[in-house]
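Please look over the sequence and structure before reading on.

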Amino acid sequence: MVTKGLTPSALVKDLIALPTPCNDVVYYPANLATLGTQGKYSVFQTLSRKSGLAYIAIIQPDSAKFKLAGSRNSMCEIYEAIPWSEFELAYGDNTFYYKVASSSQEMEDYFNTLKKQ
């Protein structure tokens, strides 16, 4: 399942609340959005505790959106296969993992290739 369009989000303390297509809310560190405003293109995986659906989300300079949704195992496999460097952000007692593409074109090409498979 590929989701399209912009997803509205809101700042909650030092996290961004991002509504999911399954009517839940997931959170990611606001620092990741800051990287987006600096022209970095990142991707992360997240899980809806409400529906059990897992998502692959991307952060671009002006938006966050969900690219893929599916089972936790399938999204984990897809995320792990993404060939970009992985980074981590610590917030509170938690660690958030994400990968960074070198450009918008690289990110677009990668996800277009996934769609064709």
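## Report on the predicted model

L35 is buried, with a relative accessible area of 18%, which is under the 20% limit for that class. The model is a predicted one. L35 belongs to helix α1. Beyond its neighbours within four places in sequence, L35 is in contact with K40 and Y98. The C-alpha atom of L35 is 9.7 Å from that of V100, a residue 65 positions away along the chain.

**Overall fold**

The protein contains 3 helices and 8 strands. Read from the N terminus, the order of elements is β-β-β-α-β-β-β-α-β-β-α. Of its 117 residues, 44% are buried. Among contacts with a separation of 6 or more, 42% are between residues 24 or more positions apart.

In soluble globular proteins, nonpolar side chains tend to be buried together. Here the largest nonpolar core has 21 residues, and those with the most contacts inside it are Y28, L32, F44, F96 and Y98. Elements giving two or more residues to this core are β2 (15–19), β3 (25–29), α1 (30–37), β5 (54–60), β6 (63–70), β7 (85–91) and β8 (94–101). Another core, of 15 residues, lies apart from it and has V43, Y79, A101 and F111 among its members.

When neighbours within four places in sequence are set aside, the contacts of Y98 include L32, L35, V43, F44 and Y79. Further contacts of Y98 include S85, F87 and L89. At Y79, the charged end of K99 sits over the ring, 4.8 Å from its centre.

Strand β4 (residues 41–47) runs antiparallel to β5 and is joined to it by 6 bridges. Within this pairing, T46 has Y55 as its bridge partner. The hairpin of β4 and β5 has 6 residues between the strands, and G52 takes a positive phi near 85° there. On to β6, the pairing with β5 is also antiparallel, with 7 bridges. A54 stands opposite G70 of β6, and the hairpin that joins β5 to β6 has 2 residues between the strands.

**Aromatic pairs**

The structure holds 6 aromatic pairs. Two of them are listed below.

| Pair | Distance between ring centres | Angle between planes | Class |
|---|---|---|---|
| Y28 and F44 | 5.2 Å | 40° | tilted |
| Y55 and F66 | 4.7 Å | 50° | tilted |

Y28 lies in strand β3 and F44 in strand β4, so their pair ties together parts that are 16 residues apart in sequence. Y28 is buried, with a relative accessible area of 3%, and F44 is buried at 0%. Y28, F44 and F96 form one aromatic cluster.

The pair of Y55 in strand β5 and F66 in strand β6 links parts of the chain 11 residues apart. Both Y55 and F66 are buried.

Key. Residues numbered from 1 in each chain as written. Predicted model: local features only at pLDDT ≥ 70, side-chain atom pairs only at ≥ 80, totals over all residues. Heavy atoms only, no water. Core = buried A, V, L, I, M, F, W, Y, C linked by side-chain atoms within 4.5 Å. Buried < 20%, exposed > 50% of the residue type's maximum accessible area, 1.4 Å probe, protein only. Helix = DSSP H or I, 4+ residues; strand = E, 2+ residues; numbered from the N terminus. Contact = heavy atoms within 4.5 Å. Pairing = 2+ DSSP bridges. Phe/Tyr/Trp six-rings, centres within 6.5 Å; stacked < 30°, edge-to-face > 60°. Lys NZ or Arg CZ within 6 Å of the ring centre and 35° of its normal.
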